[in-house]
Amino acid sequence: MLGLPLRYFLKHPVTMAASVAADPLQLWMTVQDEYAAVRERKRPDCRYESDGNWERQLHASLGVPWPCKEAAEFWALWPDVIRELEAKGIRPGPESFQSWNDGDAGLVRAIWCLIRHMRPKKIVETGVAHGVTSRFILEALARNGDGHLWSIDLPPLERHWRKQVAVAVGDRHAGRWSYIEGSSRRRLPDLLSHLGQIDIFVHDSLHSERNVRFELDRAWAASGTHAALVVDDVDANWGFRSFTQAFPGQQAMVCEAEPVHPDLRRFNHKGQFGVVLKQTTA
């Protein structure tokens with residue numbers, strides 16, 4: 001278990017020592033999470049067949065027409081955000097934030113439409129990176145005129161990468177956004193307990209089955225009767241499949257990602273994300 005942090009310590013002794021001193025509990029929890037994730041990578045790939053008509057299906061499940069004008073709003077904003085990142089010297093897309101991807105147009109558009117149609121008051125996301133998804137969530141909430149976003153994020157130790165966290169958001173929408181530093185395993189339970197009930201949950205942190213199930217199981221219990229869960233990179237682990245099998249009868253769809261440029265690590269060179277709409281039974 002100590003192989004990963006030991007290698008990092010040998011490469012970055014000052015940074016690692018500072019991290020241990022600042023928050024030893026968080027470091028130990030991160031070591032456990034990463035160790036479990038490495039072990040999971042020995043399992044076979046989890047491949048899905050994407051729903052080709054996911055946008056039509058999503059809107060039908062929400063009871064709203066498709067095509068919708070809200071999607072046109074998204075497309076008007078998307079190139080502006082991409083250009084802003086490029087102007088800062090960032091190449092958006094796959095592996096733009098260490099090994100992490102920025103939110104792609106498919107994932108972010110699905111979240112945008114969910115927010116504009118569902119008009120949620122409480123949204124929780126895990127994982128921020130450059131903050132592309134966070135930016136669009138906040139922009140959609142602003143257009144609704146209501147709602148708040150809580151983002152749980154464990155930023156990198158390296159100063160260079162920490163400076164890039166949430167650059168797509170900048171100082172916008174400060175009144176609608178709460179950034180909570182730490183891993184979801186440490187911060188999510190207390191946050192959900194404090195909020196009482198949430199309307200939309202977005203997973204985009206450590207993509208291991210162990211972490212996905214930890215987040216989704218708790219978000220599901222804390223979500224309202226008409227809530228939505230969005231899970232990025234479902235093809236990276238078995239978490240989404242095991243979750244939907246554990247909670248059958250819900251509206252679940254697997255959607256093809258739309259990265260700015262190909263992600264050659266993925267079996268389809270794009271990646272996939274999942275959406276679950278919570279349905280109550282009489």
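Reader: Which residue lies over the face of tyrosine 48?
Author: Arginine 241 does, at 4.6 Å from the ring centre. Bear in mind that this is a predicted model.

Reader: And what sits over the ring of tryptophan 220?
Author: The charged end of lysine 278, which is 4.9 Å from the centre of that ring. Tryptophan 220 is one of the buried residues of helix 10.

Reader: Which others are buried in helix 10?
Author: Glu209, Asn211, Val212, Phe214, Glu215, Leu216, Ala219 and Ala222 are on the list along with Trp220.

Reader: How many residues does helix 10 have, and how far does it reach?
Author: Helix 10 has 14 residues and spans 20 Å from first C-alpha to last, close to the 20 Å expected at 1.5 Å a residue.

Reader: Back to glutamate 215. What is the nearest side chain of opposite charge?
Author: Arginine 185, but that is 8.0 Å away. Glutamate 215 is buried and has no salt bridge.

Reader: What is glutamate 215 in contact with, then, leaving aside neighbours within four places in sequence?
Author: Thr126, Ser184, Leu188, Phe201, His203 and Ser205. Glutamate 215 itself belongs to helix 10, residues 209-222.

Reader: Change of topic. How many aromatic pairs does the structure hold?
Author: There are 12. In one of them, the rings of phenylalanine 74 and tryptophan 75 have centres 5.0 Å apart and planes at 70°, so that pair is edge-to-face.

Reader: Why does 70° make the pair edge-to-face?
Author: Because planes over 60 degrees apart count as edge-to-face, and phenylalanine 74 and tryptophan 75 are at 70°.

Reader: Are those two buried or exposed?
Author: Phenylalanine 74 is buried, at a relative accessible area of 0%. Tryptophan 75 has 40% relative accessibility, so tryptophan 75 counts as partly exposed.

Reader: What about phenylalanine 74 and tryptophan 78?
Author: They form a tilted aromatic pair, 5.5 Å centre to centre with 35° between the planes. Tryptophan 78 counts as buried, at 10% relative accessibility.

Reader: Where do phenylalanine 74 and tryptophan 78 lie?
Author: Both are in helix 5, residues 69-87, and they are four residues apart, about one turn of the helix.

Reader: Which residues do ring pairs link into a cluster?
Author: Phe74, Trp75, Trp78, Trp112 and Phe136.

Key:
Residues numbered from 1 in each chain as written. Predicted model: local features only at pLDDT ≥ 70, side-chain atom pairs only at ≥ 80, totals over all residues. Heavy atoms only, no water. Phe/Tyr/Trp six-rings, centres within 6.5 Å; stacked < 30°, edge-to-face > 60°. Buried < 20%, exposed > 50% of the residue type's maximum accessible area, 1.4 Å probe, protein only. Helix = DSSP H or I, 4+ residues; strand = E, 2+ residues; numbered from the N terminus. Lys NZ or Arg CZ within 6 Å of the ring centre and 35° of its normal. Lys, Arg positive; Asp, Glu negative; His and termini not counted. Salt bridge = Lys/Arg side-chain N within 4 Å of Asp/Glu carboxyl O. Contact = heavy atoms within 4.5 Å. Expected span 1.5 Å × (residues − 1).
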